[in-house]
Amino acid sequence: MPPKRQRDQAAPKPTSPTGKTELLGTIGEDNRAQAGEFLTTAQGVRLPDTDHSLKAGRRGPTLLEDFHLREKITHFDHERIPERVVHARGAAAHGTFVANGRAASVTKAPFLAEKGRETPVFTRFSTVLGSRGSADTVRDTRGFAVKFYTAEGNVDLVGNNIPVFFIQDGIKFPDIIHAGKPHPDREIPQAQTAHDTFWDFVTLHTEATHHVLWAMSDRAIPRSYRTMEGFGVHTFRLVNADGETALVKFHWKPVAGVHSLVWEEAQITAGADPDFHRRDMADGIEAGAPLEYDLGIQVMPDTEDETFEGIDLLDPTKIVPEELAPVQIIGRLTLDRNPTNYFAETEQVAFHTGNLVPGIDVTNDPLMQARLFSYLDTQLTRLGGPNFTQLPVNRPHAPVNDMLRDGMHQTAIHQGQAPYLPNSVDQGLPRVAAEEEGAYVHRPRHIEGEAVRANPVSFDDHFSQATLFYRSLSKVEQVHVVEAFTFELGKCYEQAIKERALSVLANVDEDLCVAVAAGLGLPAPKGKPAAEVVPSPALSQIPPGPGPITGRVIGIFAGPGADLGGVEKLANAIEAAGAIARVIAPTGGVIAKGKTTRIVERTLLTTRSVEFDAVVVAAGLGAFRDIKLTILLQEAFRHCKTIAAWGDGDQVLTAAGIDTTAPGIVLGDKPVKTFTADLIKSVGLHRVWERAELVMSS
């Protein structure tokens, strides 16, 4: 037990940050929310006016004694904290993680090992390079950070949507970020890597090649956070109840499947709706379509050399193909509640790779080792001192008795006289715990060697896994990689950088190099790519069959004269499948036919094709023509999305130049079960890739 107050001691009354004296509110009430119906100062003084500063006469100068003005302006001046150097652009959600018990054989961490154990979580998704004001859909690596509020203390799994990193040693992290950020003289381009300094660095620092291949693939432009994989990146060491250890890699597998934008969609969306991903997540949760992910682990033996099938597990630029070490599902994450306040939660949340509980340990991965220092260090600047753990979103859901004292923004009222150990003044409390009492005990391990600035020889292979990744992709995905490299390198000004990039690609795959070189109008150099690699089907995003459509958005174009009964029937079927139906019409308001009415949720002026995973044209509109609808349908067709129509709606498709016999076009007389089933099945395949060759520009 913590020490008790002496009889002569008192402390501030236990009130909330907004002055509520009853800390336990009624159900649904949050005592940290604003209190009272009157406007007050931060000290609780009621105010009669907040529109006029106190002046010496109506036209006189403002008086320094106006405490309300000074407090209001001072607080406004400090509303913004320094944004994150990386991962500044982010969005988050609350949820729950439920373990299935299968991890008990490899870890004693209860939140992973105990079947049915529910753990509250807060998950933040982000882009790496852009500022807070950049667009969601830029080509970039994305953060996938999960804070588990376990009963044993907070655990942060701070990962990305790409399983490998640009660098092998954390000492290079400032370099890769400086290279990827906007050029320092002009502060452009924002949130993108299509510029000289990035390609200068990664072509000189070829350990980045594997990550670059992923970043040039569709993985770097996800359709939605709900269709984005996540990875722990590093190899972790897990410890079970018997003290046995295993090496693991963490995977987040989206239940909705892995799905991306096509490049033109990403560009359109960045301008039409730069908040696309955060809006999609928030709207989906609000509509009752939570984001769901299965947490899986690849388990490898904890051998002395820390390698598996010839792969160095301490090298963060390498993956272990799932065919060699299958991903074992150990629990499910469900994100079903939006934050109440973006700043207080999403912006102030502080993740740290060193937030661990017994049963999870780190390894000697040199990138991980640097992150163990960096994350804690950066919070001190961003959040104004060492007490950022006391912010509501960062507070652990476990007892804290840390003997840390004072510092900026200290909100705890510590008791006792002896914040040190050993002590006798406070009866020797708090005492240290034994391992059987839940203490985090580092596993003894043998460490020896000369102090050197060097990597092991096994880190020298920079190309074979890049080759594995590229050759594991489907043909259409490979075409997208070629187009991405051609676009990015085409934005570089320095000819030498383009030529060097081609020299790197020549060591990855000859066909890739030749195709990119042709797009740049340069000769393709010769290289030495790996002759034989065993493709890993798990690296391709193309699904083997239809998946769930939960959270997908299907637009139904209606308007005056449309079959509203059919619209209502189809919308109900779509929503029953977990997707979201949006009615589009020429103008806003309500459309009606007979006794049936429907609210218009999008107009042709306020939407673009990028908002929808499929578009349906209702019957009754065969004669309708509008250039905005034509563009919407043509974009959806070009982006290989499902397009459907019933009744005379197919006339609208034909007028827009849509080949109604092309793959992925669903037609019917009425929106009956077979029509709806065909639509849902097609959307479940994410894209109509059979149409790709018809619409590719080159």
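R223 is buried, because its relative accessible area is 2% (buried means under 20% relative accessible area, exposed over 50%, partly exposed in between, with a 1.4 Å probe and protein chains only). This is a predicted model, in which local features need pLDDT of at least 70 and side-chain atom pairs count only at pLDDT 80 or more, while totals for chains, interfaces and linings use all residues. Residues are numbered from 1 along each chain as its sequence is written, and side-chain values use heavy atoms, with hydrogens and water left out.

**Salt bridges**

- The whole structure holds 36 salt bridges (a salt bridge is a side-chain nitrogen of Lys or Arg within 4 Å of a carboxyl oxygen of Asp or Glu).
- R223 has D280 as a salt-bridge partner, at 3.4 Å from N to O. R223 lies in the loop between α5 (209-215) and β5 (230-231) and D280 in helix α7 (residues 276-286), so the bridge ties together parts 57 residues apart in sequence. Helices (H or I, at least four residues) and strands (E, at least two) are DSSP runs, numbered from the N terminus.
- D280 also counts as buried, because its relative accessible area is 12%.
- Another salt bridge joins E152 and R117, with 3.9 Å between the closest N and O atoms. This pair links distant parts of the chain, 35 residues apart: E152 is in the loop between β3 (142-150) and β4 (153-160), and R117 is in the loop between α2 (110-113) and β2 (118-127).
- E152 is partly exposed, because its relative accessibility is 36%.
- K172 and D175 form a salt bridge in which the closest N and O atoms are 3.0 Å apart. K172 is partly exposed at 23% relative accessibility, and D175 is partly exposed with a relative accessible area of 31%.
- A network of salt bridges links R89, D136, D273, D275 and R279.

**Cavities**

- The whole structure has 11 cavities of 30 Å³ or more. On a 1 Å grid over the protein atoms alone, a cavity is a set of points where a 1.4 Å probe fits but cannot get out, and lining residues have an atom within 4 Å of a point. A volume is the space filled by probe spheres set on the points, which are joined across faces, edges and corners.
- The largest cavity contains about 180 Å³ of space. It is lined by 20 residues, of which P163, F231, H251, Q298 and I319 are the closest to its centre.
- Strand β7 (residues 245-254) gives the most to the lining of the largest cavity, namely four residues. This lining has 10 nonpolar, five polar and five charged residues (Ala, Val, Leu, Ile, Met, Phe, Trp, Tyr, Cys and Pro count as nonpolar, Asp, Glu, Lys and Arg as charged, and the others, Gly among them, as polar).
- The second largest cavity has a volume of about 140 Å³. Among its 14 lining residues, L129, D140, T141, F166 and T193 are the closest to its centre.
- Helix α3 (residues 173-180) gives the most to the lining of the second largest cavity, with three residues. Nine residues of this lining are nonpolar, three polar and two charged.

**Helix α17**

- The 12 residues of helix α17 (residues 673-684) should span 16 Å at 1.5 Å a residue, and the end C-alpha atoms are 16 Å apart, which agrees. The expected span is 1.5 Å times one less than the number of residues.
- F675, T676, L679, S682, V683 and G684 are the buried residues of α17.
- These buried residues are covered by elements including β13 (553-557), α14 (564-576) and β18 (614-617) (contact means heavy atoms within 4.5 Å).
- After α17 comes H686, which has a positive phi near 75°.

Notes
1 Å grid on protein atoms, 1.4 Å probe; cavity = no way out; pocket = protein on both sides within 12 Å on 5 of 7 lines; lining within 4 Å.
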